[in-house]
Amino acid sequence: MLPLRNVPIDTALAELAVARARADAIDFIGLVDALPTTREAGLAVIWRLIARGALVVDLSAPIVPSTRVGAA
């Protein structure tokens, strides 16, 4: 995940993702689907936010669709 820290990110989508994760408990796939973009673009933003520490998941377990996501 380290290389994702420096990859450019869509800041508008990033802000929406963090705000949604902050608003209430949400799982990984729910957060992807909540973003107003394609699934691919949503996944890219969420992975980058996890790599940057703006979104938090349990990294000691595999990240699956039901993994809980929170805001840092």
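Predicted model: local features only at pLDDT ≥ 70, side-chain atom pairs only at ≥ 80, totals over all residues.
Helices (H or I, at least four residues) and strands (E, at least two) are DSSP runs, numbered from the N terminus, and two strands pair if DSSP finds at least two bridges between them. Here, three strands form an open sheet in the order E1-E3-E2, with antiparallel pairing. At the edges are strand E1 (26–27) and strand E2 (55–56), each of which pairs on one side only. Strand E3 (residues 68–71) runs antiparallel to E2, and two bridges join them. E1 and E3 are also paired in the antiparallel sense, over two bridges. On that side, Ile26 has Val69 in E3 as its bridge partner.

Next, turn to the helix that packs on the sheet. Helix H1 (residues 11–23) touches E1, E2 and E3, where contact means heavy atoms within 4.5 Å. The direction of H1 makes about 105 degrees with that of E3; the axes are lines fitted to C-alpha atoms, for helices over the stretch in contact, and angles run from 0 to 180 degrees between N-to-C directions.

Now for the interior. In soluble globular proteins, nonpolar side chains tend to be buried together. A nonpolar core here is a set of buried Ala, Val, Leu, Ile, Met, Phe, Trp, Tyr and Cys residues joined through side-chain atoms within 4.5 Å. Buried means under 20% relative accessible area, exposed over 50%, and partly exposed in between (1.4 Å probe, protein chains only). The largest nonpolar core has 18 residues, and Leu31, Ile46, Leu49 and Leu55 touch the most other members. Two or more residues come from each of H1, helix H2 (28–34) and helix H3 (39–52). H1 gives the most to this core, with five residues. To see Leu31 in its setting, leave aside its neighbours within four places in sequence: Leu31 is then in contact with Ala17, Arg20, Ala21, Ile26, Ile46, Leu55 and Val69.

A pair of aromatic rings is described by the distance of the centres and the angle of the planes. Rings of Phe, Tyr and Trp (its six-membered ring) pair if their centres lie within 6.5 Å; planes under 30 degrees apart count as stacked, over 60 as edge-to-face and the rest as tilted. The count by this rule is one aromatic pair. The ring centres of Phe28 and Trp47 are 5.4 Å apart and their planes stand at 55 degrees, so this pair is tilted. Because Phe28 lies in helix H2 and Trp47 in helix H3, the pair ties together parts that are 19 residues apart in sequence. Phe28 is buried, at a relative accessible area of 6%, whereas Trp47 is partly exposed, at 29%.

What about charged side chains? Side chains of opposite charge can pair when their charged atoms come close. With a salt bridge taken as a side-chain nitrogen of Lys or Arg within 4 Å of a carboxyl oxygen of Asp or Glu, a search of the whole structure finds two. One joins the side chains of Arg20 and Asp24 (2.4 Å, N to O). Arg20 is partly exposed, with a relative accessible area of 31%, and Asp24 is partly exposed too, with 42%. Another joins the side chains of Asp33 and Arg39 (2.7 Å, N to O). Asp33 counts as partly exposed at 48% relative accessibility, as does Arg39 at 42%.

Finally, a few residues show how sequence and space relate. Ala23, found in helix H1, is exposed, with a relative accessible area of 59%. Pro8, in the segment before H1, is exposed, with a relative accessible area of 65%. Pro8 and Asp27 are 19 residues apart in sequence and 24 Å apart in space, C-alpha to C-alpha.

Terms used: Residues numbered from 1 in each chain as written. Heavy atoms only, no water.
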